[in-house]
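Hi there,

Here is the structure I promised to send over. Have a look at it first, and my notes follow below.

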Amino acid sequence: VRGWWSLMADVINTIQPSFSAGEISPQLYARIDLAKYSVGLALMRNFFVDYRGGASTRPGTEFTGQARDSEGAVRLLPFQFNNLQTYALEFSDFAMRVIMDGGYVLEDPKTITGITNADPGVVTSVAHGFVDDDWGFIEDVEGMEEVNNQTFIVANATANTFELTDLNGDNVDTTAFGVYGSGGTASRVFTVVSPYAEADLALVKFTQSADVMTLVHPDYSPYDLTRTAHTS
């Protein structure tokens, strides 16, 4: 019987039509004589209280990739044209990248025709157009699956080959990886030159009208950022 009553005590439901008091102090847990007691909570995590008393969940965050300059200042600005065309603009030291649908926007893919088992691994892609320090993304390789869905930094690029380094600048040792079979593409992470130094990003103000975002800063001329495509 004692167990039954204990169980019932754990599942008693109560109606609380408002959360307008938010979290209350532990010192008020026994103050049922106060009006705020009936509209307060002992713990409210990841919720926002509406001024009308309702509560809504806080939007979460998701890791989409490493910033171009993780050791410096980085600022994200929202760019929204409509419900289907929304971006986060990553501003770093004199550079800007675009995030969309949970990942960085990529340029047109280049076909891979070979990857060596070496330290560092060397990728063959005819007329790839990459230059040293470009960030790229590899996918759909058969045989050497370890390189798939990985972001890398280009090193020692020639007209048709480049070496793989990781995002810390260390060589990617593919010696123990599977043997390259066929297929695969490498796509450059879309990056454009920005006028702003990292030290000045905090004071950048912006407003948007349709596909044009106007950016201003006390020490810079005003700029218009115009979008015509995901990579333009």
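Asn148 sits in the loop between strand S12 (135-139) and strand S13; strands here are DSSP runs of E with at least two residues, numbered from the N terminus. This is a predicted model, in which local features need pLDDT of at least 70, side-chain atom pairs count only at pLDDT 80 or more, and totals for chains, interfaces and linings use all residues. Residues are numbered from 1 along each chain as its sequence is written, and side-chain values use heavy atoms, with hydrogens and water left out.

Is Asn148 buried or exposed? With a relative accessible area of 15%, Asn148 is buried, a word that means under 20% (1.4 Å probe, protein chains only). Its side chain reaches the backbone nitrogen of Asp140 at 3.2 Å, and a polar atom of that side chain lies 2.7 Å from the backbone nitrogen of Val141. Leaving aside neighbours within four places in sequence, Asn148 is in contact (heavy atoms within 4.5 Å) with Ile138, Glu139, Asp140 and Val141.

Ile153 stands opposite Thr165 in S14. The two strands make a hairpin with five residues between them, and Asn156 in the turn has a positive phi of about 50°.

S14 (residues 161-165) also pairs with S11 (residues 122-124), antiparallel and over three bridges. There, Val123 has Phe162 of S14 as its bridge partner.

Best wishes

Methods
Two strands pair if DSSP finds at least two bridges between them. Helices (H or I, at least four residues) and strands (E, at least two) are DSSP runs, numbered from the N terminus. Buried means under 20% relative accessible area, exposed over 50%, partly exposed in between (1.4 Å probe, protein chains only). A polar contact is a pair of N or O atoms within 3.5 Å; within protein, one must be able to donate a hydrogen and the other to accept it, and residues adjacent in sequence count only if both atoms are side-chain atoms.
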